[in-house]
Amino acid sequence: MLLSDTLRSSLAGVSSNWMRSGLTALGIVIGVGAVVLMTAIGASMEQVILGQISSLGARSMVIFPGRQEGGPQGVGTGFDSLTFDDLAALEQLKTIETPAPVMFVPGVVSAETEEDAARVMGVIPPFFENQNIDVARGRLIEYADEEAALFVAVLGPDTARNLFGDRDPIGKRVKIGDHFYSVIGVMQARGSQFFQNFDSRVFVPFSTARQVTGQKYLNFVTMRSLVEPSLALEDVQSLLRQRHDIAESADDDFTVRSADQANEILGGVSLGLTAFITMIAAISLVVGGIGIMNIMIVSVTERTREIGLRKAVGARQRDILLQFLLEAVALTLVGAVTGALVGVLLAGVISLIVPMFLESYHFALSLPAIAISLVVAAFTGIAFGYSPARTAAKLHPIDALRYE
Amino acid sequence: MTAMTPPLLETRSLGKIYLNDDVETPVLFDVSLAITKGEFVAIMGPSGSGKSTLMHILGFLDTHTSGDFLFQGEQTQAFDDDALARIRATRVSFVFQAFNLLPRTTVFDNVLLPLLYHPTIPTSEREARTNKAIAAVGLTDRATFFSSQLSGGQKQRVAIARALVTDPEVIFADEPTGNLDSASGAAVMEALQKLNDAGHTIILVTHESETAAHAKRIIRLHDGRVVEDTTSFKRRVANENTKLK
Ligand SMILES: Nc1ncnc2c1ncn2[C@@H]1O[C@H](COP(=O)(O)OP(=O)(O)OP(=O)(O)O)[C@@H](O)[C@H]1O
Ligand SMILES: [Mg+2]
C-alpha cells in the first residue's frame, strides 16, 4: 500500500470523530501549549536581560570591596578593603583600562522644597565611558571639575524630574547633605538594569566626594577589560589577593564582576528554566500519550471488522500497523499544532500586557522549542500508538470479521 | 505420462477444529477435494454443516487444523503473512455472507479498497477499474452514495463489485443471493456466470437449487463431511435415472 493511501485512511480515521479526536488531543494541546508559552516568555526575558548587558557594554567590569554573593545590590558600603593604593596598582595592569573609583556621598538630596532618595556618587570622567552613560542636557563631570574639586552635580533623569519637575535644572542648585552643588547636566535615561535604577542617581566629582566625606577607602571601581573578560577578571583577582595578603585557602575580601559574567548567570537561569519546562512537557506528554493510547485502543476495537476486511482484501500487517500509527501521530500532531498556536497566541497577549511594567519586554518565540515539542509529540504518538496498532496488525482476518 | 498442472486449490483429509478458551469445536472432517481453474462450484448443505468455514479456509482467511491445503500444488502452511496477504490481494476475493462494507464510506471508496492493497495495479488505473466494476453490477448512479444509504440487494452488488475490481482468479461468494429477491438474485447470478465464462473460478455457497443450477459442480456437506461431489454431467445422468425409474 502506498504511503499516501495509508495517510489518507489514517486522516479519515481521525476526522470521522472530530469531537473525540479533539478531546483526546487535549492533553497534548496543553502540554505543547505550556512549553511554547514558557519558552516564549523565557526568550523575551532573555532579550530584556541581553539588552541590559549590551547597554552596559560587554567589556564593563566592577570591583566591590568585601565578599559579595548576592550581586551588586546595596554593595560597597561598610567595607574598607578597597584602597587608593589598590587603584594605583590596577592602573598598572595591562589587561584592563580606565579603572575609575567611585565614592558614595551620604545625605539626602534636595532642591528648594523637593527631596529625592537618589544615591550620590563621586566619580571621575572615565566612569561614564565605563558604564556607557551619555548626557541628555548640559555636560557630564570633566577633569577640570575633578582637579578643582568643584561642587557641581549631574542628575539622573528621575532625580531631575523629582526635584525640578518640567523645569530645566541646569544652573540650579541642589543640596546634598550639608553642601550646595550647581547642576551642570542631566544624564540620558537608562531604565532599570539588573534591578538597580540608574536613573535615580546624582554624580559629583570624585575629589569633591573625597573631600566632603574624608573617606580613606573606595566604594567600588569600574573599568573595562582589554582582553577576554574572564582573563582580565583573573588578572584583577590575583593582583588584589596578592596586595591584600590573602592566604591560598582564604576567600577574597572583594568581588570582581564582569557584564560577561551576567551572561553566564543568565545561561544558568535559562538552564534551570529549560529543565523545568522539560519536566512539564514530559509530564503532560505522558498524560497526553496515555489519552492517545486509550483512544487508539478504543479505535482498534471499534474498527475490528474494518481491519478484518482490509486484511481480507490484501492488507499486510505493516499496512495496518502504519495506518494506525499514522492515525495516532496525526492525532498527536493536530493536538501539538493546536497547542503551539495557543501558546503563541498567549505569548502574544502577554507581550501586550507586560511592557506596561517592563518597557524593554518584546514578543519573542523559541523556535527550537516549538520544533522540538512538535517532534517529541509525534514520537509520543508513535510510542503510545504502537501497542494498539500492533494489536490491530496482528488480528486474524476472519476473527476480526466475525467480531461483534 | 504427461506432466499434470496441479489443481488451483486442493485439500487432503483437511480438518478444522475451532478452539475458543479451551473449548474445541470440530467442524470439518476429512475433507478431500480439488478445484481446478475455471470451475464453477456450488457448496451446499444444511445450516451449520461447515460451508462458510470451508470457504474461509479455501479463501486464505482462516487456517485449517489438520490435513493439507495446497495452492497450485504448494503447501499453504509454509506461506508467511506477507505471502498470504499477497494472495488475498491478487489471486482470490470474497463476497461475504454479511456484505462487510465499510460504514461511513461511499460505494466508490468501498469498491476501490482492494486496489489500495494491490501490489501491481498502477494508481492511474484505479479510478477506471473501480468505475468499471461498479458499472458491472449496475450501480453507476449510486457511486457517491454511502453504504448506509443502500438497500440490501444494492449492498450485495457493491460487495460483488469489490470482489471484481482486482480481476482475481478465484471469487468466493457466501450466499450471494441469500438476501435478494429473485430478480436481483438472478442478476447477481448472471454477473457471476459472466465472470465464469470469462475464465474466473467461482466458488459459492447456496441453499437454493436455482442458484446451484448455474454451477457445473456441487459439493454437498453434512456435519462437516463431504457427502456428495458431482459434476453437472453426472447430476444430469443421475436425474434422468431417477426419472426413468
Ligand atoms: N469461531 C467459531 N468458533 C467456534 N465454532 C464456530 C465458529 N464459527 C463457526 N463455528 C461452528 O462451526 C459450525 C459450522 O459453521 P459455518 O459457519 O461454517 O456453517 P455454515 O454451513 O456456513 O452455516 P450457514 O448455512 O448457517 O451459514 C457451526 O456449528 C458453528 O457453530
Ligand atoms: Mg455460512
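Me: How many salt bridges are there between chain A and chain B?

Reply: The count between chain A and chain B is two. Please note that this is a predicted model.

Me: Why is the pair B:Asp62 and A:Arg402 called a salt bridge?

Reply: The closest N and O atoms of B:Asp62 and A:Arg402 are 3.8 Å apart. The criterion asks for a side-chain nitrogen of Lys or Arg within 4 Å of a carboxyl oxygen of Asp or Glu, so the pair qualifies. On the side of chain A that touches chain B, the elements giving two or more residues are helix 10 (304-312), helix 11 (317-353) and helix 13 (397-402) of chain A. Helix 10 of chain A gives the largest share, six residues.

Me: What makes up the contact between chain A and chain B in residues and in area?

Reply: Chain A contributes 22 residues and chain B 21 residues. The area buried between the two chains is about 2,000 Å², and carbon and sulfur atoms give 59% of that area. Five residue pairs across the interface are in polar contact, both residues being at pLDDT 80 or more. The residues on the side of chain A that touches chain B divide into nine nonpolar, four polar and nine charged.

Me: Why is B:Asn196 called buried?

Reply: B:Asn196 stands at 5% relative accessibility and is therefore buried, because the cut-off is under 20%. This residue is found in helix 6 (residues 182-197) of chain B. Beyond residues up to four places away in sequence, B:Asn196 touches B:Gly38, B:Glu39, B:Phe40, B:Ile202 and B:Lys216. A polar atom of its side chain also lies 2.9 Å from the backbone oxygen of B:His200.

Me: How do you know that A:Arg59 and A:Glu97 form a salt bridge linking distant parts of the chain?

Reply: The side chains of A:Arg59 and A:Glu97 meet at 3.1 Å, N to O, and the limit is 4 Å, so the pair is a salt bridge. A:Arg59 lies in the loop between helix 2 (18-56) and strand 1 (60-65) of chain A, while A:Glu97 lies in strand 2 (residues 96-105) of chain A, 38 residues apart. A:Arg59, with a relative accessible area of 35%, is partly exposed, and A:Glu97, with 27%, is partly exposed too.

Me: What makes A:Asp158 buried and A:Arg161 partly exposed?

Reply: A:Asp158 has a relative accessible area of 19%, and buried means under 20%, so A:Asp158 is buried. A:Arg161 stands at 48%, and exposed means over 50%, so A:Arg161 remains partly exposed. The side chains of A:Asp158 and A:Arg161 meet in a salt bridge at 3.6 Å, N to O. Both residues lie in helix 6 (residues 157-164) of chain A, three residues apart, about one turn of the helix.

Me: Why is the pair B:Arg220 and B:Glu228 called a salt bridge?

Reply: The closest N and O atoms of B:Arg220 and B:Glu228 are 3.0 Å apart. That value is within 4 Å, so the pair meets the criterion. B:Arg220 is partly exposed at 31% relative accessibility, as is B:Glu228 at 25%.

Me: Which residues are linked in a network of salt bridges?

Reply: The network links A:Arg303, A:Glu306, A:Arg310 and A:Glu327. Over all chains, the structure holds 23 salt bridges.

Methods
Residues numbered from 1 in each chain as written. Chains lettered and ligands numbered in written order. Predicted model: local features only at pLDDT ≥ 70, side-chain atom pairs only at ≥ 80, totals over all residues. Heavy atoms only, no water. Helix = DSSP H or I, 4+ residues; strand = E, 2+ residues; numbered from the N terminus. Buried < 20%, exposed > 50% of the residue type's maximum accessible area, 1.4 Å probe, protein only. Polar contact = N/O pair within 3.5 Å; in protein donor to acceptor, adjacent residues only side chain to side chain. Contact = heavy atoms within 4.5 Å. Buried area = accessible area lost by both parts, 1.4 Å probe. Nonpolar A, V, L, I, M, F, W, Y, C, P; charged D, E, K, R; others polar.
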